[in-house]
Amino acid sequence: MEMINVTVETGGVRRTLSYPGRVSLADVLRDAGVPFCAPCGGAGVCGGCRVLASGMMTEPDSFEKRAICGADILRGVRLACRAYAVGDAFVRAPEAPVTAADAAGTAETAKNVKKERGRYGVALDIGTTTVASSLVDLLTGERVREAAAFNPQAPWGADVISRIGAISEGKTTVAELSRLVRGTADALTAALGAPDGAPRVIVGNTVMVSLFAGVDPTPIGRAPFTPPELFGKYIGGDFFPRCAGAYFGSDAAAAVLAVRELTGGDFILCDVGTNGEVASYAGGRLCVTAAAAGPAFEGAGICCGMRAERGAIDSVRIESGRTVPHVIGGGEAKGICGSGLCDACACLLALGVIDKSGYMAEPYALADGVSLTPGDIRALQLAKGAVRAAVDIVCRGAQTDGVPIYMSGAFGSSLSARSCARIGLIPGGAREVVPIGNGALRGAELMLVSDAAKEEELALASSAEYVELSGSAGFERLFLRSLDF
Ligand code: FES
């Protein structure tokens with residue numbers, strides 16, 4: 001039998017796999033153990049699993065032609081889950097490196113750190129997309145070094161529901177996903193130069209920390225959405241802080257802890273990503289919830305969407321009646337990320353290109369090869385509608401006028417407060433919008449150096465009033481009301 005040979009290249013390393021018949025590029029990448037982004041888990045509906053490929057393959061189908069710009073199709077960009085190798089082929093997956101950098105103003109060298117056992121610890125934030133980590137000086141509480149890597153579970157979907165689905169359908173196992181993410185956490189710990197046996201605090205959404213700990217998270221994916229484990233304990237030397245509920249994990253609870261360190265007063269906290277976690281702290285009462293915002297804020301599912309990395313339009317302003325985009329790293333725009341999308345939408349509302357209902361007559365070109373389509377605006381409306389409805393639900397009965405809103409996460413860091421208010425993502429009466437970067441990692445660092453912080457997080461997460469939005473009639477009503485701009 002003649003075999004089909006597919007060569008996979010990532011990070012400059014090539015490997016050839018052989019198959020008896022046609023095979024999707026996504027399956028080849030999975031078989032090769034190459035992490036790649038598959039936001040819809042391979043359902044073929046998001047357009048996010050782009051790879052460069054050549055050789056004998058099926059022709060791009062109509063969805064691929066819509067999802068990939070013409071010039072990119074000519075370059076050989078394909079959707080890994082829709083393109084099939086039918087003869088020998090070559091596929092190049094984007095590199096997913098571990099990136100490590102010294103935190104600003106620190107002088108410790110990796111060698112010095114390695115020698116000082118007991119002085120340093122590691123904080124890890126297991127995100128669905130990215131695993132972030134930091135090395136912390138336990139004496140001073142200072143962040144010494146940071147490192148990040150993509151979550152290698154990405155080929156099984158961009159969100160926790162897709163990953164649970166992949167386990168339920170037998171495409172992968174809890175043990176396999178656990179092994180992958182643990183491997184990344186260990187690689188990050190090594191990249192940070194942490195001494196052997198350094199203490200670690202591990203936060204993440206409830207599904208991610210369950211998978212890390214090897215606990216089956218599938219009950220979280222079906223009613224009554226009961227997490228098998230909320231943690232708040234040590235497992236094998238690593239500390240797993242407490243989760244507040246099925247969809248408000250220890251990452252969000254750690255971010256609440258980080259904000260509590262910044263302010264003694266009331267606040268609203270939004271961690272806006274694929275899953276939008278929202279908390280309201282008012283008069284000593286903590287109310288939390290989470291809404292499935294979809295991947296628009298991460299730049300996925302958007303025609304020219306991309307992550308907030310070099311080449312992404314991350315903000316837009318109006319000059320002389322025209323939109324002027326800002327591109328991360330300068331140079332030519334390659335796409336648009338979540339914060340750019342919010343800004344662009346606010347600008348297009350101001351210019352009358354989009355109306356209050358979100359109607360837009362035709363695509364709008366922001367830069368050469370980067371346009372916003374009516375479908376993109378619809379995706380943003382669904383995402384912001386979900387988050388805004390969640391904010392309104394947790395703030396019910398509480399005063400929001402003059403209350404500061406803290407935005408956690410990579411998306412929140414580059415957000416413009418004015419654009420957030422203009423598109424209705426946050427209540428108009430908020431006093432200020434304060435970006436706090438990765439609040440989850442900051443909270444994990446606090447717990448790493450202080451038992452009192454561990455106790456406080458445990459108390460916050462255990463006493464939080466968790467509102468389950470699935471099937472909530474109030475949420476549906478508020479969501480529909482929040483769709484308009
Ligand atoms: S289109 Fe391939 S993962 Fe979504």
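Guide: Two residues are in contact if their C-beta atoms, placed from the backbone, lie within 7 Å. This is a predicted model: local features need pLDDT of at least 70, side-chain atom pairs pLDDT 80 or more, while totals for chains, interfaces and linings use all residues. Numbering runs from 1 along each chain as its sequence is written.

Visitor: Which elements do the buried residues of helix 14 pack against?
Guide: Helix 14 spans residues 451-463 (helices are DSSP runs of H or I, at least four residues; strands are E, at least two; both numbered from the N terminus). Ala 453, Glu 457, Leu 460 and Ala 461 are buried there (20 or more other C-beta atoms within 10 Å of their own; exposed means 12 or fewer, partly exposed in between). They pack against helix 8 (250-262), strand 16 (285-292) and helix 13 (439-449).

Visitor: Which exposed residues does the opposite face of helix 14 carry, turned away from its buried side?
Guide: Ala 453, Glu 457, Leu 460 and Ala 461 are the buried ones. They lie on the same side of helix 14, because their arc around the axis (taken from the directions to the C-beta atoms) is only 90°. The face turned away carries Asp 451, Ala 452, Glu 455, Ser 462 and Ser 463.

Visitor: What arc do the buried residues of helix 6 cover?
Guide: Leu 177, Leu 180, Val 181, Thr 184, Ala 185, Leu 188 and Ala 191 are buried in helix 6. They sit on the same side of helix 6, because they cover an arc of only 130°.

Visitor: Which residue just after helix 6 takes a positive phi?
Guide: Just after helix 6, a phi of about 80° is taken by Gly 193.

Conventions
The expected span of a helix is 1.5 Å times one less than its number of residues.
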